[in-house]
Amino acid sequence: MTDVIRIDNLTKTYGKKRGVTDLSLAVKEGEIFGFIGPNGAGKSTTIRSMLGFLNFEKGKIEILGKDSVKEHTSILKEVGYMPSEALFYPAMKVSEVIKFAADARGLDCREEAAMLCERLNLDTGKRIKELSLGNRKKVSIVCAMQHKPKLFIFDEPSSGLDPLMQNTFFELIKEYVAKGATCFLSTHVLSEVSRYCDRAAIMREGRLIKVDKVDNLTESTTKRVKVTADGAHEDYLYNGDVNELIKKLAGKNLQNLYIEEPSLEDMFMHFYEGKEEK
Ligand code: ADP
């Protein structure tokens, strides 16, 4: 399988502040690839560098086999990019924004746009200023998808969307990917990554700290355990067989017990510090 995204040794600084340091990453055709990390990890910097919106000091990026700097315009034609902010001219109607985006590409996307608006339950007669954040996000989604791009690049796409629409959004991605597209999804929502992505990269403080199949990343036996027993409350990470945990707790008088997936922060702890585990 060919690399749809290939980043080699990307370094981007903002003056003295670090943005991204020595990042190398490859995304294969047909993957739904998660790009995860807390705020400030370098996700947007990477994406903006990929799209040629930022100048970077070191490294090389190829998108769909093209150089991100030299062939930036040609890359944008084949990519569906959804930025984290859903900003449009407030007085424009939804239908006008969508048509404007298609016209900018010189394409007639009416059929696909109509399908997307229906699936996303988007009222195209409204003006942008009348829309909630969730509905503005839907406009972004239509603009990113209507030209059926080979590669989707989404930056925090689902924030503001209600769970039903998040589901529709990911169904749409899966459908496009089934037809040959590739998806690069930046998010800090771990559950989205574990549900929808094939592989994921974890970023922290501008550096790549792990890239692996999601099954391997989330297969960790670590759980967050919240237990109230014998009048005392405990909250800790447990790494091991859940059956053993239950046996250990069986002798206690339990008032409450939660065994949860670790959060993204927990995962970072698990991978890099190993603290707090029992
Ligand atoms: P993320 O998208 O993961 O939240 P960013 O790529 O936005 O992370 O930020 C990575 C680092 O680069 C952060 O330390 C951030 O403060 C810094 N940074 C991002 N954009 C700018 C900017 N325009 N000027 C200065 N520093 C920036």
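Q: What makes β11 and β12 a pair of strands?
A: Two strands pair if DSSP finds at least two bridges between them. Strand β11 (residues 222-229) and strand β12 (residues 232-239) have eight bridges and run in the antiparallel sense, so they count as a pair. Ala229, for example, has Ala232 in β12 as its bridge partner. The two strands form a hairpin with two residues between them, and Asp230 in the turn has a positive phi of about 50 degrees.

Q: What kind of model is this, and how are its residues numbered?
A: It is a predicted model, where local features need pLDDT of at least 70, side-chain atom pairs count only at pLDDT 80 or more, and totals for chains, interfaces and linings use all residues. Residues are numbered from 1 along each chain as its sequence is written, and side-chain values use heavy atoms, leaving out hydrogens and water.

Q: Why is Leu217 called buried?
A: Buried means under 20% relative accessible area, exposed means over 50%, and partly exposed lies in between (1.4 Å probe, protein chains only). Leu217 has 3% relative accessibility, so it counts as buried. You can find Leu217 in helix α8 (residues 214-218). Of the 278 residues of the protein chain, 44% count as buried.

Q: What makes a group of residues a nonpolar core?
A: The members must be buried Ala, Val, Leu, Ile, Met, Phe, Trp, Tyr or Cys residues, joined through side-chain atoms within 4.5 Å. The largest such core has 42 residues, and those with the most contacts inside it are Ile98, Val139, Met145, Phe154 and Ile173. Helix α6 (residues 163-178) gives the most to this core, with seven residues. A second, separate core has 24 residues, including Phe33 and Leu51.

Q: Which residues does Ile98 touch, and what counts as a contact?
A: A contact means heavy atoms within 4.5 Å. Leaving aside neighbours within four places in sequence, Ile98 is in contact with several residues, among them Ala113, Leu122, Val139 and Gln146.

Q: Why is a space called a pocket rather than a cavity?
A: On a 1 Å grid over the protein atoms alone, a cavity is a set of points where a 1.4 Å probe fits but cannot get out, while a pocket is an open set with protein on both sides within 12 Å along at least five of seven lines. Lining residues have an atom within 4 Å of a point. The largest pocket holds about 620 Å³ of space. Of its 23 lining residues, the closest to its centre are Tyr81, Phe88, Ala101, Arg105 and Cys143.

Q: Where does the lining of the second largest pocket come from?
A: α3 gives the most, with five residues. The pocket has 14 lining residues, and those nearest its centre include Ile98 and Lys99.

Definitions and conventions
Helices (H or I, at least four residues) and strands (E, at least two) are DSSP runs, numbered from the N terminus. Grid points are joined across faces, edges and corners, and a volume is the space filled by probe spheres set on the points.
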